[in-house]
Amino acid sequence: MANSLQTLPNASRLGFRHQFSGADSALESAFGSVSFPSQLLAPSLKSVKYTKKMKPVMAGNIPDHMSVDISLSPRVNSVKPSKTVAITDQATALVQAGVPVIRLAAGEPDFDTPAPITEAGINAIRDGYTRYTPNAGTLEVRQAICHKLKEENGISYTPDQILVSNGAKQSILQAVVAVCSPGDEVIIPAPFWVSYPEMARLADATPVILPTRIEDNFLLDPKLLESKITEKSRLLILCSPSNPTGSVYPKELLEKIAEIVAKHPRLLVLSDEIYEHIIYAPATHTSFASLPGMWERTLTVNGFSKAFAMTGWRLGYLAGPKHFVSACGKIQSQSTSGASSISQKAAVAALGMGYAGGEAVATMVKAFGERRDYLVKSFGELAGVKISEPQGAFYLFLDFSSYYGAEVEGFGVINNSESLCRYLLEKGQVALVPGDAFGDDSCIRISYAESLSVLQAAVERIKEALEAARPVVPV
């Protein structure tokens with residue numbers, strides 16, 4: 001089927017969609033938050049009928065005389081689905097159906113987990129290390145985390161100030177829920193990771209979005225921060241290196257932010273440092289908690305998914321004052337309880353590979369840097385594209401707004417980041433994430449956590465597709 005699709009025009013290739021049903025759930029999830037064409041839906045989805053509240057009920061399952069209350073809580077209704085997850089699931093479904101889509105939407109390294117880590121996990125299974133662990137994590141892994149934070153980040157903790165969770169995402173959510181009260185404000189610089197505002201809403205808090213500019217490398221202006229702090233401000237979320245921009249906050253800028261934070265006793269800082277080891281010289285990483293007076297009010301989140309290519313192992317951690325960490329532990333004890341015992345053994349091995357992950361991580365970072373350089377050069381050749389060269393992580397956040405307003409035959413008008421990504425998926429068969437998911441509709445995010453050959457093919461497809469959609473705004 002894949003071979004036959006290769007020979008069809010783009011519109012015909014997309015006609016395959018009515019032929020498969022195995023990807024229905026992924027597609028339905030994607031369509032719930034992204035307005036892709038209706039012909040993507042498989043026939044089984046067409047048997048769904050909708051109530052006045054637009055909630056699916058399969059025809060024939062409920063007697064006509066019976067009605068069921070399918071309402072959801074206001075808290076859940078306030079939360080938007082993750083577009084990165086939706087688009088990634090949709091792209092995966094297309095690939096499984098035989099469409100040769102290049103997937104550059106997910107933030108997942110393409111490398112295998114380093115051998116010392118996988119061997120530790122395998123040995124844990126063979127040795128029968130497969131039972132529950134303490135809720136906060138094993139003492140062994142928490143001690144290893146404490147040693148890492150002291151040696152690499154210059155911040156000191158004891159094991160009872162560490163909480164190991166099922167991924168850094170859980171660590172962040174628990175922290176937000178633990179410290180925020182209804183009506184509190186969570187300050188989030190944009191562009192932001194898609195989940196930060198939704199986590200604030202789950203805590204009944206209000207996300208306050210502070211825009212940044214591509215001309216400033218998407219770094220927060222301290223004066224803007226100071227002007228937006230109120231008596232309701234409870235939490236400032238910083239992510240460096242940044243998802244989605246790859247920006248790295250220099251120490252001098254963090255010090256200015258710390259001076260402002262210090263004036264407000266109620267304001268805490270959540271420092272998301274999951275990409276700290278994926279950084280390109282001369283940029284360097286500074287942990288916010290290491291700055292004078294910031295340890296007491298900083299919740300540091302990190303994990304193993306990105307630097308160690310351990311996304312499927314699901315392991316992250318929170319470090320902070322015991323009072324806050326214990327509160328997060330209380331939430332975890334009543335939800336997931338402790339993280340995987342096997343993953344914790346693997347994490348100990350990861351932290352034993354040397355400073356900043358040793359040679360294995362350095363090799364991956366070198367490859368990411370080469371890919372970044374290639375993409376920056378390639379997109380720099382495109383008219384109308386604005387670039388902020390990333391200093392860390394593995395994302396490019398490119399301003400394509402000069403193409404908005406272009407009308408393409410057979411597609412229609414490209415009027416925002418979502419329609420541009422939809423066009424590039426249909427015309428070029430490349431899956432990207434629209435910038436509006438990250439709070440900046442002028443941009444799209446490209447993950448270069450893929451091989452150089454795949455990225456080269458993606459660039460060619462994107463350039464070819466954009467030939468029919470030349471910039472509307474003069475450049």
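Start by selecting Ile172 and its contacts (heavy atoms within 4.5 Å). Leaving aside neighbours within four places in sequence, Ile172 touches Trp193, Tyr196, Met199, Leu270, Asp272 and Val301. This is a predicted model, in which local features need pLDDT of at least 70 and side-chain atom pairs count only at pLDDT 80 or more, while totals for chains, interfaces and linings use all residues. Residues are numbered from 1 along each chain as its sequence is written, and side-chain values use heavy atoms, with hydrogens and water left out.

Ile172 sits in helix 9; helices here are DSSP runs of H or I with at least four residues, strands are runs of E with at least two, and both are numbered from the N terminus. Is Ile172 buried or exposed? Its relative accessibility is 1%, so Ile172 counts as buried (under 20% relative accessible area; over 50% would be exposed, and in between partly exposed, using a 1.4 Å probe and protein chains only). Now pick Tyr196 as well: 24 residues along the chain from Ile172, with 8.4 Å between the two C-alpha atoms.

**Helix 9 against helix 10**

Show both helices as cartoons. Their axes come within 9 Å and cross at roughly 40 degrees (axes are lines fitted to C-alpha atoms, for helices over the stretch in contact, and angles run from 0 to 180 degrees between N-to-C directions). That makes helix 9 oblique to helix 10; under 35 degrees would be roughly parallel, over 145 roughly antiparallel and 65 to 115 roughly perpendicular, with the rest oblique. The crossing of this pair is right-handed, meaning that the near helix is turned clockwise from the far one by less than a right angle, with anticlockwise giving left-handed.

For the side chains, select Lys169, Ile172, Leu173 and Val176 in helix 9; they meet Ser195, Tyr196, Met199, Ala200 and Leu202 in helix 10. Residues three or four places apart on an α-helix point the same way, because there are 3.6 residues a turn.

**Around helix 10**

Stay on helix 10, residues 195–202, where six of the eight residues are buried. Which ones are buried? Colour Ser195, Tyr196, Pro197, Glu198, Met199 and Ala200. The cover over them includes helix 9 (168–179), strand 5 (185–190), strand 6 (206–211), strand 7 (233–239) and strand 8 (268–272). Step just past the helix to Asp204, which has a positive phi of about 60 degrees.

**Helix 8 and helix 14**

Next, select residues 139–153 (helix 8) and 341–351 (helix 14): they pack at about 30 degrees, with axes 9 Å apart. At that angle helix 8 is roughly parallel to helix 14. Here the crossing is left-handed.

Lys345 lies over the face of Tyr129, 4.9 Å from the ring centre (the rule asks for NZ of Lys or CZ of Arg within 6 Å of the centre and within 35 degrees of the ring normal).

**The aromatic rings**

Now show Phe, Tyr and Trp side chains. Rings pair if their centres lie within 6.5 Å, using the six-membered ring of Trp; planes under 30 degrees apart are stacked, over 60 edge-to-face and the rest tilted. The count comes to 14 aromatic pairs. Go to Tyr275 and Phe394: with centres 5.5 Å apart and planes at 80 degrees, this pair is edge-to-face. Tyr275 is in the loop between strand 8 and strand 9 (298–303), and Phe394 in the loop between helix 15 (358–380) and strand 11 (395–399), so the pair ties together parts 119 residues apart in sequence. Tyr275 is buried at 2% relative accessible area, and Phe394 is buried at 0%.

Another edge-to-face pair is Phe411 and Tyr423, at 5.1 Å centre to centre and 65 degrees between planes. Phe411 is in the loop between strand 12 (406–408) and strand 13 (412–414), with Tyr423 in helix 16 (417–428), so these parts are 12 residues apart in sequence. Tyr423 is buried, at 2%. Then select Phe111, Tyr275, Phe368, Phe394 and Tyr395, which form one aromatic cluster.

**Last stops**

Select Ser378 in helix 15. Its 6% relative accessibility counts as buried, and beyond four places in sequence Ser378 contacts Val459 and Lys463.

Zoom out: the chain has 17 helices and 16 strands, and 54% of its 475 residues are buried.
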